Amino acid sequence: MSAKTQALIRDTARDLGFRTNPSARALPTGRTNTIGVVVSNMTNPVMFELVRDMHRAAEEHGYTVILAESEQGDGHVADRLDRILAAVDGAILTMTDLVDERIQELSEARPVVLVNRRVQGVPDVAPDLRPAVRRALAELHDRGHRSVAYLSAAAGWWASEQRWDLLMPEALALGMSIIEIGPNEPDRGGGAVTLPRVRASGATAVITFNDLMAIGVLDAIGTEGGQVPKDLSIVSFDNMFGSDFTSPPLTTIDTRRFEIGEAAMHRLIGIIGPSEDMGPPAHEPIIGTLVVRGSVGPGPAAGVVSTRND
């Protein structure tokens, strides 16, 4: 068929309102040009921001995103993922509590990239939070805090366990005591209910798994008639939209979710088969940063000369 005839057919089809059928196009190639993205909670602003940048990156290379939700502890996640993977070219999994072996099985069926989770043999994208964690604890130490509580998320979340594994040795190196309080639901309610245990621990500062939990702690302290940071200093993770709208604004570790979403999508497309204009995948590390705001104040040891060696 000549180029002229092909152009005439395309123009006629467009005038008549015909559109390409992705399923039909997939028959000879085995490709659907669709990517599945599985998130833990669509109502979480962090998930929304993460998916938005994945969607933009996918569109740049002609892919359509199919979004699915998997609540923590959902016993049907594995079956749902099997159905999704059967209909897409690859998938990105965020905040999943599936066991490592199941994730490895899924990655053998279709290309899979993990976000904020690491499993041997499966590609992943996660930020390096160690420098920001070190700075956050130093900030608390220098302001006179010597006892810290970490409010963890639900059991089995790799990201929550990883944050604890970073916090504990860094706190001990500064001569600070630290206790993990959890597991908790990673939302405002999950943060609010921890306040009695925080009080009982004697901690003068808390570090929460995410901003939503930190807002819950703020709510609970306000209900008691207390004030932050006068009664308790708070540091959180994520730097989600609105974390600076609270009173006081949250001191938080920016987990660089915008870069993570884009990097995860580019990595998956590179595995599936990159487009000609995609270029080589980026390998620059994504490093979290501390954003200091008003939720951290002086602790009991404020004014004491620090013996910390930087």
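How many helices and strands does the secondary structure of the protein chain come to? I counted 11 helices and 11 strands. I keep in mind throughout that this is a predicted model.

**Entry 1: the chain overall**

I looked up burial next. The protein chain has 310 residues, and 48% of them count as buried. Then I checked the accessible surface. It comes to about 15,200 Å² for the protein chain. Carbon and sulfur atoms account for 54% of that surface. I also looked at sequence separation in the contacts. I took the contacts between residues at least 6 apart in sequence; 73% of these join residues at least 24 apart.

**Entry 2: helix 3 and helix 11**

I turned to helix packing. Two packed helices are described by the angle between their axes and the distance between the axes. My opening pair was helix 3, residues 45-60, and helix 11, residues 257-272. Their axes are 8 Å apart, and the packing angle is about 40 degrees. Angles under 35 degrees would count as roughly parallel, and 65 to 115 as roughly perpendicular. Helix 3 and helix 11 are therefore oblique to each other. I noted the hand of their crossing as right-handed.

Which residues make the contact? From helix 3 I listed Val46, Glu49, Leu50, Arg52, Asp53, Met54, Ala57, Ala58 and Glu60. From helix 11 I listed Arg257, Phe258, Ile260, Gly261, Glu262, Met265, His266 and Ile269. I sorted the contact of helix 3 with helix 11 by class: nine residues are nonpolar, two are polar and six are charged.

**Entry 3: Glu60**

I stayed with one residue of that contact. Glu60 sits in helix 3. Is Glu60 buried or exposed? Its relative accessible area is 53%, so Glu60 is exposed. I then compared Glu60 with His266 of helix 11, which also takes part in the contact. In sequence, Glu60 and His266 are 206 residues apart. In space, their C-alpha atoms are 10.0 Å apart.

**Entry 4: helix 6 and helix 7**

I took up another helix pair. Helix 6 spans residues 130-142, and helix 7 spans residues 158-173. Their axes come within 10 Å and cross at roughly 45 degrees. Helix 6 and helix 7 are therefore oblique to each other. The crossing of helix 6 with helix 7 is right-handed. On the helix 6 side I found Arg130, Val133, Arg134 and Leu137. They meet Leu166, Leu167, Glu170 and Ala171 of helix 7. By class, the contact of helix 6 with helix 7 has five nonpolar and three charged residues, and no polar ones.

**Entry 5: backbone exceptions**

I finished on the backbone. Most residues other than glycine have a negative phi, and most peptide bonds are trans.

Where are the cis peptide bonds that I noted? One joins Val228 and Pro229, with omega at about 10 degrees. I placed Pro229 in the loop between helix 10 (211-224) and strand 9 (233-238). Another cis bond joins Ser247 and Pro248, with omega at about 0 degrees. Pro248 lies in the loop between strand 9 and strand 10 (251-254).

Then I looked at positive phi. Asn116 has phi near 55 degrees, a positive value in a residue other than glycine. Asn116 falls in the loop between strand 4 (112-115) and strand 5 (124-125). Its relative accessibility is 16%, so Asn116 counts as buried. For Asn239, phi is near 55 degrees, again positive in a residue other than glycine. I found Asn239 in the loop between strand 9 and strand 10. Asn239 has a relative accessible area of 14% and is buried.

How values were computed: Residues numbered from 1 in each chain as written. Predicted model: local features only at pLDDT ≥ 70, side-chain atom pairs only at ≥ 80, totals over all residues. Heavy atoms only, no water. Helix = DSSP H or I, 4+ residues; strand = E, 2+ residues; numbered from the N terminus. Buried < 20%, exposed > 50% of the residue type's maximum accessible area, 1.4 Å probe, protein only. Contact = heavy atoms within 4.5 Å. Areas by Shrake-Rupley, 256 points an atom, 1.4 Å probe, with all protein chains shown as cover. Axes fitted to C-alpha atoms, helices over the stretch in contact; angles between N-to-C directions. Parallel < 35°, antiparallel > 145°, perpendicular 65-115°, else oblique. Left-handed = near helix turned anticlockwise from the far one by under 90°. Nonpolar A, V, L, I, M, F, W, Y, C, P; charged D, E, K, R; others polar.
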